[in-house]
Amino acid sequence: MGPDPVDAQRRAAAEQAVARVQQGMVLGFGTGRAAARALEALAHRQRTEGLSIRGIPSSRATEERARTLALPLTTLEAHPELDATIDGADEVDPSCHLLKGGGGALLREKVLAAASHRLLIVVESAKLVPHLGATRGVPLEVLPFAAPACVRHLRSMGGTPQLRCGPGGAPAVNENGNWVLDCTFERHVFEDPAALDRGLRSIPGILETGLFWSFRPIVFAGAPEGVRTLGA
Ligand code: 5RP
């Protein structure tokens with residue numbers, strides 16, 4: 001089997017994002033395949049250029065990957081303010097609003113993004129969409145106790161929520177001990193992502209949404225013809 005062309009797009013985009021990282025920076029490390037390519041690019045710069053950085057992982061998988069790559073880790077206790085977070089995304093709209101949470105780490109990812117001066121997003125070109133919600137539902141992290149009530153509220157606001165389940169069919173529990181609902185809405189609902197986010201967060205038991213609309217990220221989008229840089 002030859003190299004995966006989509007992964008090659010992620011890798012090229014990750015290298016350009018990581019080229020923005022400077023000596024001594026403290027970083028948030030996102031979750032998923034693109035974030036993993038970014039960790040590899042950081043480890044490469046560490047080995048070849050002596051780049052010295054520290055990172056705060058957004059998930060156990062990312063923490064393990066960073067440890068394997070010998071990337072130094074730190075905590076929000078030590079560094080409540082970060083230079084940048086490098087992460088992936090599930091969708092990027094033309095205004096660089098993001099949909100995230102495909103890997104279930106949305107709350108921790110949003111905490112790191114909000115603590116960071118800069119958000120660097122690495123995607124393959126298939127993630128560039130005309131509007132949020134074009135390819136999937138909005139991931140919502142919910143308190144398991146509240147999930148049935150959240151489902152009722154979401155239906156009453158026109159959403160179609162689906163509980164994310166693991167391979168055995170039981171609800172997938174994320175690292176905060178919470179569940180994820182993926183909720184689709186009609187297209188017009190996404191015209192104002194801020195209002196949608198506000199509405200969703202007003203439902204008791206919804207702890208975070210995958211709508212990352214306020215961050216002004218720099219997006220590095222890998223494509224067969226090269227990497228496009230979008231946003232701030
Ligand atoms: C995890 C995320 C990921 O960044 C998103 O799902 C993209 O993942 P990948 O790079 O594997 O496509 O938000 O919660």
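Predicted model: local features only at pLDDT ≥ 70, side-chain atom pairs only at ≥ 80, totals over all residues.

Biologist: With which residue does Asp7 form a salt bridge?

Modeller: Asp7 is itself buried, with a relative accessible area of 15%. The closest N and O atoms of the pair are 3.4 Å apart, and the partner of Asp7 is Arg11.

Biologist: How far apart are the N and O atoms in the salt bridge of Arg201 and Asp197?

Modeller: Arg201 and Asp197 are four residues apart in helix H6 (residues 193–201), so about one helical turn separates them. Arg201 is partly exposed, with a relative accessible area of 42%, whereas Asp197 is buried at 5%. Their side chains meet in a salt bridge whose N to O distance is 3.9 Å.

Biologist: How many salt bridges does the structure hold?

Modeller: Some of the bridges share partners, and in this way Asp7, Arg10, Arg11, Arg37, Glu40, Arg65, Glu124 and Lys127 are joined into one network. Another bridge links Lys100 and Glu109, with the closest N and O atoms 3.1 Å apart, and both of these residues are buried. For the structure, the number of salt bridges is 17.

Biologist: Which element gives the largest share of the largest nonpolar core?

Modeller: The largest nonpolar core has 25 residues, and among those with the most contacts inside it are Val21, Leu42 and Ile86. Elements that give two or more residues to this core include helix H1 (5–18), helix H2 (33–49) and strand S3 (82–87). The largest share is six residues, and the element that gives them is H2.

Biologist: How far apart in space are Ala147 and Trp179, taken C-alpha to C-alpha?

Modeller: Ala147 lies in helix H5 (residues 147–156) and is buried, with a relative accessible area of 5%. Beyond its neighbours within four places in sequence, Ala147 is in contact with Val142 and Trp179. Although Ala147 and Trp179 are 32 residues apart in sequence, their C-alpha atoms are separated in space by 7.9 Å.

Biologist: How much area do domain 1 and domain 2 bury between them?

Modeller: The domain assignment gives domain 1 as 5–130 + 213–231 and domain 2 as 138–209, and their centres, taken over C-alpha atoms, are 24 Å apart. On the side of domain 1, Leu106, Leu107 and Trp213 lose the most area to domain 2, together 39% of what that side buries. Carbon and sulfur atoms carry 55% of the area buried between the two domains, which comes to about 1,300 Å².

Biologist: Which residue forms a salt bridge with Lys110?

Modeller: Between domain 1 and domain 2 there are eight residue pairs in polar contact, and one salt bridge is found across their interface. In the salt bridge of Lys110, the closest N and O atoms are 2.9 Å apart, and the partner is Glu208.

Biologist: What is the phi of Arg216?

Modeller: Most residues other than glycine have a negative phi. Arg216 is found in the loop between strand S11 (211–212) and S12, and it is exposed, with a relative accessible area of 59%. Although Arg216 is not a glycine, its phi is positive, at about 50 degrees.

Biologist: In which loop is Cys96 found?

Modeller: Cys96 also has a positive phi, of about 65 degrees, without being a glycine. With a relative accessibility of 7%, Cys96 counts as buried. Its place is the loop between strand S4 (91–92) and strand S5 (98–99).

Methods: Residues numbered from 1 in each chain as written. Heavy atoms only, no water. Core = buried A, V, L, I, M, F, W, Y, C linked by side-chain atoms within 4.5 Å. Buried < 20%, exposed > 50% of the residue type's maximum accessible area, 1.4 Å probe, protein only. Domains from an automatic or database assignment. Buried area = accessible area lost by both parts, 1.4 Å probe. Salt bridge = Lys/Arg side-chain N within 4 Å of Asp/Glu carboxyl O. Polar contact = N/O pair within 3.5 Å; in protein donor to acceptor, adjacent residues only side chain to side chain. Contact = heavy atoms within 4.5 Å.
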